[in-house]
Amino acid sequence: MIVALARKTLLNEWRRFLPAVVAVAFSALLLLVQTALVLGIFGSAAIYIEASKGDLWVGYPGTRTVELGRLLPADTEIWVRLDEAVDRVEPYRWIYGDWRVRSDQGAFSMYVSGIDTSADGLMFTRVLPASLRARLEQPDSIVVDVADMDKLGVVLGDRPRINGHAVEVVGTLTGLRTLGGVNILTSLETAGRIQPGGLADERVAYYVVRLRDGANAVDAQRRLNAQGREHGFQVWSRDEFAKVVTRYWLFDTGAGLAVLFLSVVVSLTGAVITSQTLMGAVAGSAPEYAALQALGIGMGALRRVVIEQAAWIGASGLLLGVAGAAAALWMASRNDVPIAVEALPSLACALLVLGISMTSGWAAVRALRQADPASLLR
Amino acid sequence: MNEPQAVQPGQVVLSGRGLAKSFRSGRIDTPILRGLSLEVLAGELTLVSGPSGCGKSTLLALLSGLSRPDGGQVEALGQSLWSLDEQSLERFRLQHTGFVFQGFNLFAALDAVEQVMLPLGALGLSRTAARERAMTALDEVGLAPRAKLRPAEMSGGEKQRVAIARALAKNPQLLFADEPTSALDAANGQMVIDLLHRLARTHRAAVLCVSHDPRVVGHADRVLHMEDGRLLDDTRSGATKGPP
């Protein structure tokens with residue numbers, strides 16, 4: 001059309017179209033924030049893996065998530081070390097702890113990660129500064145996430161008890177929060193003393209493996225898995241294990257399904273409001289559209305006007321939604337809410353939002369049927 | 001599809017033969033037109049008058065290609081209108097017909113010149129050419145100085161003149177007007193009917209106007225009186241009576 005009918009009508013009757021723009025904006029906001037939260041929360045389940053170096057993870061066969069780890073046979077380390085590609089094997093003690101600050105208060109369960117405190121240790125390199133790692137060498141010292149301190153009821157220097165064993169909070173860091181619960185870091189030895197069997201039980205739940213430079217990781221993993229089938233362990237590549245863990249939380253806990261369900265509800269709501277608004281607008285201008293039809297302007301051109309309006313609504317709603325989501329996610333990140341904004345999922349959300357408005361446009365085109373030019377002659 | 005030839009004043013450009021139409025409501029068929037025939041000449045303002053419900057608007061819908069007759073034929077500019085398919089009919093309306101309705105049916109968001117430009121784009125005119133032609137049409141209805149106003153800023157008479165300019169800008173050979181004055185006061189109604197009359201002369205268009213407004217009668221070149229779906233009377237302003 002040589003006259004920008006769609007755009008001019010949108011601007012002139014913005015009050016009429018506002019509900020649709022707001023609906024699209026809210027859909028965009030909800031989808032984007034929800035996606036970032038889901039990725040953040042479920043991605044945090046793999047924090048143990050993603051915050052650490054190492055090429056391979058060794059764990060109990062069939063382990064679905066780090067929290068569900070089981071103790072490996074004591075000879076596992078030997079079998080892994082025997083492989084020619086293996087450069088370093090680092091034990092990782094993952095145990096449940098019973099946290100108690102004062103004897104007159106209740107206790108609650110949390111997770112203790114016992115890690116190698118040597119300067120070239122692989123575990124948690126990304127969140128644990130070298131100086132803090134060194135401080136963990138002091139017996140019975142622990143490091144907690146700043147965001148968990150209130151929950152744990154401690155400040156720096158406090159001496160709470162884990163499984164009845166007194167420890168000292170020597171430092172804090174950020175980025176340890178996971179979906180499963182509260183994590184604290186300590187040395188392998190302290191964790192050994194904390195665990196129910198004490199230091200005498202040398203078994204651990206995981207080993208993290210660094211391969212030699214230039215070693216073929218796929219071959220090494222295959223060889224080690226062959227050993228594992230005989231000796232009771234399984235080997236994953238780092239990325240593979242992170243995916244296994246995230247997938248477990250997303251799909252096997254039902255949480256992912258809930259999120260997907262919510263996305264469908266959000267999309268449907270957005271689509272219904274948008275299409276109803278557009279239909280109302282079309283019906284409101286039915287005599288004008290009918291007059292154009294009488295003058296010989298085809299249904300196709302009128303349809304394009306409605307679709308163009310839907311596109312404008314989608315674009316402006318998306319813009320508003322993105323701005324809202326950015327603000328919400330900024331607030332979230334300031335409050336240590338785990339979020340992860342990734343390009344592809346965000347793009348998918350944006351496309352879904354545009355899809356919602358375009359679908360609504362197509363649905364609203366039906367309202368043009370009311371624009372029958374013969375109805376103008378009464 | 002053969003192109004219609006140039007039209008001479010007095011030439012029959014629109015004719016209906018044996019037109020019949022009835023409306024079904026539930027099980028009851030109510031006949032609106034009962035085998036009506038008429039011819040409309042170019043360069044004239046032909047008025048169809050009659051009491052409301054006599055079928056005059058239905059007749060207009062059938063003759064203008066907006067509503068298909070149950071029986072009979074319409075020949076417009078040498079073409080049998082109702083033998084055209086939907087698309088050709090739309091094309092025919094685009095190229096040869098203009099409409100003026102009782103309600104002005106203008107878009108609230110557009111100013112006068114844009115209202116008039118709107119159908120011109122479909123004719124393949126460029127934006128500049130369309131604007132030029134729209135301004136000419138607005139000038140012809142005396143609204144060039146008001147070209148930048150939106151419907152909300154115009155009086156009823158001005159709005160109807162914009163609607164006339166919109167119909168006129170396409171240079172149609174057939175101009176249909178349905179009760180164009182009934183929403184207007186006396187002065188504005190007068191102006192609109194004068195305008196339609198003048199356009200029939202200057203554009204050599206056949207203007208077929210349906211109205212029960214007695215003020216219009218005096219301005220028509222020819223008045224067809226309708227009652228109960230039939231033509232009762234055919235009067236020329238020169239007082240010569242034609243065949244009914």
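Let me start with one residue: A:Val22 sits in helix α2 of chain A, which covers residues 14–44. Before going on, note that this is a predicted model.

Is A:Val22 buried, exposed or partly exposed? A:Val22 has a relative accessible area of 33%, so A:Val22 counts as partly exposed. A:Val22 also belongs to a nonpolar patch on the surface, together with A:Trp14, A:Leu18 and A:Phe26. The four have about 380 Å² of accessible area together. An α-helix has 3.6 residues a turn, so residues three or four places apart point the same way.

Next, the charged pairs. Side chains of opposite charge can pair when their charged atoms come close. Over all chains, the search of the whole structure finds 26 salt bridges. I will go through three of them.

A:Arg16 is partly exposed, at 35% relative accessible area. A:Glu13, in contrast, counts as buried, because its relative accessibility is 18% and the cut-off for buried is under 20%.

Then comes A:Arg64 with A:Asp252, with an N to O distance of 1.8 Å. Why does this pair tie together separate parts of the chain? A:Arg64 lies in the loop between β1 (56–59) and α4 (76–81) of chain A, while A:Asp252 is in helix α9 (residues 238–252), so the bridge connects parts that are 188 residues apart in sequence. A:Arg64 is partly exposed, at 40% relative accessibility. A:Asp252 is partly exposed too, with a relative accessible area of 42%.

The last pair is A:Asp120 with A:Arg88, at 3.1 Å, N to O. Here A:Asp120 is in the loop between β3 (108–115) and α5 (130–135) of chain A, and A:Arg88 is in strand β2 (residues 86–100), so the parts tied together are 32 residues apart in sequence. A:Asp120 is partly exposed, at 41%, whereas A:Arg88 is buried, at 13%. Both residues belong to a network of salt bridges that also takes in A:Glu90 and A:Asp116.

Now to the inside. How many residues does the largest nonpolar core have? The largest nonpolar core has 127 residues, and A:Tyr289, B:Leu14, B:Leu59, B:Leu63, B:Leu138 and B:Leu174 have the most contacts inside it. Take B:Leu63: leaving out residues up to four places away in sequence, its contacts include B:Leu14, B:Leu38, B:Phe176 and B:Leu208. There is also a second, separate core of 36 residues, with A:Ala51, A:Val66, A:Tyr111 and A:Leu128 among them.

A:Tyr289 from the largest core is also one of the buried residues of helix α11 in chain A. That helix covers residues 286–294, and eight of its nine residues are buried, so the rest of the structure largely encloses it. Among the buried ones are A:Glu288 and A:Gln293. After α11(A) comes A:Gly296, with a positive phi near 100 degrees.

Strand β9 of chain A, residues 206–211, is likewise largely enclosed, because five of its six residues are buried.

Conventions. Residues numbered from 1 in each chain as written. Chains lettered and ligands numbered in written order. Predicted model: local features only at pLDDT ≥ 70, side-chain atom pairs only at ≥ 80, totals over all residues. Heavy atoms only, no water. Patch = residues over 30% accessible without salt bridge, like charges linked within 9 Å, V, L, I, M, F, W, Y side chains within 5 Å. Areas by Shrake-Rupley, 256 points an atom, 1.4 Å probe, with all protein chains shown as cover. Salt bridge = Lys/Arg side-chain N within 4 Å of Asp/Glu carboxyl O. Helix = DSSP H or I, 4+ residues; strand = E, 2+ residues; numbered from the N terminus. Buried < 20%, exposed > 50% of the residue type's maximum accessible area, 1.4 Å probe, protein only. Core = buried A, V, L, I, M, F, W, Y, C linked by side-chain atoms within 4.5 Å. Contact = heavy atoms within 4.5 Å.
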